[in-house]
Amino acid sequence: MKALCRSNKSYPTHYRCISSICTAQLDPPIQEEDRVWVCTRATFLQIQQTLIQKCARLRAILQGKSCHAQIIHFGLQADTLTSNMLINLYSKCGIVDYSRKVFDEMRVRSVVSWNTMIGAYTQNEDGEGALKLFCEDAGEFALSSVLCACASKILAFESKQLHAFAVKASMESNAFVGTALLDVYAKCRSIEDAFRVFESMPEKSDVTWSSMMAGFVQNDLYEEALSLFLKAQRSGVEINMFTISSVLSACAALAALIEGKQVHAIVYKTGFGANEYIASSLVDVYAKCGSIKQSHAVFSDAEEKNVILWNTMISGFARHARPLEAMILFEKMQQMFLYPNEVTYVSLLSACAHMGLAEKGRKYFDMMKKEHNVSPNVFHYSCMVDILGRTGQINEAKDLIDKMPFEATASIWGSLLASCRVYRNIELAEVAARKLFEIEPNNAGNHVLLSNIYAANGRWDDVAAARKLLKSSEAKKERGKSWIEIKDRVHSFMVGAITHPRIGEIYSRLDNLLEEMEELGFKGHIEHDLHDVEDDFKRELLKHHSEKLAFTFGLMCLPSYAPIRIMKNLRICGDCHEFMKVASTVTGREIIVRDNNRFHHFREGYCSCGEFW
């Protein structure tokens, strides 16, 4: 800055340009020897522009306004570059109306002026303002900015119109425009259109590739995201942190442990592991793949830990029925002067629910508001209903639902209905089921659960009526499916499967295993089959559940020291739960089952859930 200054003996003294108001409050402040008190018009503008840029970077709105006031005072607001910087300043500080006022008062506007103003609307999530301004000036950067605005508002129709405009104006081959187009289509759930745009682009940047992977993840197409990542690697595309984040999300959703470890190796090689968000994603991947020890190892190795990373680890312990570890981390987190937020408390309450810790759950629920000023939301109430229901306090759970400051969700009523099944409370089960039929008319699982409650109580006429109601509705029952990953390949099984190439061997090995288990007293828990048939037929129905087939195949293929990891799309049934406990004793294997609710670690005849599932 000193190079821009001139001695006050050589120039007029009417540009006294930097006051202490503008400089002293910046962080770090401009030092006294750097302050310029007398300078030319050009020098004055250069210094003001430097200050405006610094104010924008620091979001220092008061100091920025002081600079703006001086510019107006000396009549220098006609300078286009300075006005562009002021538009950016007010945009960064979230005052888009001031940005527009500066823009409207400009005598001459450059392409940068239009793009900066459209970008200001986009950054502040004002898609309508961006669209209106775009209609007055349509360049490639402006088009990509407006498409980003449409993406933030999920404006599918307007996006297609802009796509048509891009084709007409021969802009669709531009990398910025193409990337923005595929991003908006992905966010509008038009993933096929997004991929069509991606495939048609003559040039693809690393941002283009990462945007397409993120689009697949957002639309639950996790295998496609992993396939595209593999293609990007083969094409020599530069891997960035956004790519890694999307791929790790896909690995976590698929519980793809082998692929997760491969991506972890890439993270280590590129040095991205120092990023707290990438570290959080790695912790999440290992936790969701059943490797809670590896998850904690990644957490421990992270040099910097933000609230998100702590929350992810606490959530992992909760999912694996490790409430003590979750509570210890909660205390350590506060010792590090990090304040728990609503996500932290959801994980803590979930840990209490999984182990039936009612008193601990009440303690944390009360602590939220009193100690950390966190207002309970619907997720916290859902956890409390689950805690009370699992511990048999069903009437208290119903009272809590009635007293909630908002409407109960399907998750809350579902927790109550599941608790009614365990404790055979038909009256409240019918109340919860009616609510669920209203909220989720297409969810057949609610009809099935009510039918099972009737069956468990021997009310076969009501079972028939419930199943008749299910058939007359449009609800579809989701079939149970289990899968296991062996040598980079995922093997899926359904009850009574016949399509697997080694299914004959699997059934034979399962029969032999059941004979060994029967010698230890295992006869199956036929009360978990709720069909009105003879006991022998019930045993046959339970015998070939999908998780048993997956376990047997893992027993056949995996080395004796390796844990057998099974994933299931529904909650594990009581008979299969008991089967896994006995099988872990007979085979001496550790068995890890991830169902749609939690993880179960079976070892030496015991399960980590402590029978609270």
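Here is a short tour of this structure, as I would give it at our group meeting.

Hi everyone. Before we look around, please keep in mind that this is a predicted model, where local features need pLDDT of at least 70, side-chain atom pairs count only at pLDDT 80 or more, and totals for chains, interfaces and linings use all residues. Residues are numbered from 1 along each chain as its sequence is written, and side-chain values use heavy atoms, with hydrogens and water left out.

Let's begin with helix H14, residues 241–254. How far should the 14 residues of H14 span? At 1.5 Å a residue, the answer is 20 Å, and the end C-alpha atoms are 20 Å apart, which agrees. That expected span is 1.5 Å times one less than the number of residues.

At the start of this helix, a side-chain oxygen of Asn 240 comes to within 3.1 Å of the backbone nitrogen of Phe 242. After the helix comes Ala 255, with a positive phi near 55 degrees. For background, most residues other than glycine have a negative phi.

Which residues of H14 are buried? They are Thr 243, Ile 244, Ser 246, Val 247, Leu 248, Ala 250, Cys 251 and Ala 252. Buried here means under 20% relative accessible area, exposed means over 50%, and partly exposed is in between, using a 1.4 Å probe and protein chains only. The elements covering these buried residues include helices H12 (206–218), H13 (222–234), H15 (257–270) and H16 (276–288), along with strand E4 (591–594).

Ser 246 sits in H14, and its relative accessible area is 10%, so it is buried. Setting aside residues up to four places away in sequence, Ser 246 touches Ser 210, Met 213, Ala 214 and Val 217. Contact, by the way, means heavy atoms within 4.5 Å.

The other is Ile 244. With neighbours within four places left out, Ile 244 is in contact with Ile 239, Val 263, Ile 266, Val 267, Phe 272 and Ile 278. Ile 244 is also among the residues with the most contacts inside the largest nonpolar core, together with Leu 147, Met 212 and Val 263; that core has 68 residues. A second, separate core has 44 residues, including Phe 330, Leu 348, Ile 387 and Ile 401. A nonpolar core is a set of buried Ala, Val, Leu, Ile, Met, Phe, Trp, Tyr and Cys residues joined through side-chain atoms within 4.5 Å.

Met 212 came up just now, so let's visit it. Met 212 is in helix H12, and at 0% relative accessibility it counts as buried. Beyond residues up to four places away in sequence, it touches Leu 182, Ile 191, Ala 194, Phe 195, Phe 198 and Leu 228. Met 212 and Phe 229 are 17 residues apart in sequence, with 9.7 Å between their C-alpha atoms.

Now to helix H28, residues 503–519. Its 17 residues should span 24 Å at 1.5 Å a residue, and its end C-alpha atoms are 25 Å apart, which agrees. Its buried residues are Ile 503, Ile 506, Tyr 507, Leu 510, Leu 513, Leu 514 and Met 517. Why are these on the same side of H28? They cover an arc of only 125 degrees around the axis. The arc is that of the directions from the helix axis to the C-beta atoms. In general, an α-helix has 3.6 residues a turn, so residues three or four places apart point the same way. H28 is followed by Gly 521, with a positive phi near 100 degrees.

Let's finish in the loops. Asn 443 is in the loop between helix H25 (426–439) and helix H26 (444–456), and at 30% relative accessibility it counts as partly exposed. Its side chain makes a polar contact of 3.0 Å with that of Glu 440. A polar contact is a pair of N or O atoms within 3.5 Å; within protein, one must be able to donate a hydrogen and the other to accept it, and residues adjacent in sequence count only if both atoms are side-chain atoms.

Arg 189, in the loop between H10 (175–187) and H11 (191–200), has a positive phi near 65 degrees. With a relative accessible area of 52%, Arg 189 is exposed.

Note on methods
Helix = DSSP H or I, 4+ residues; strand = E, 2+ residues; numbered from the N terminus.
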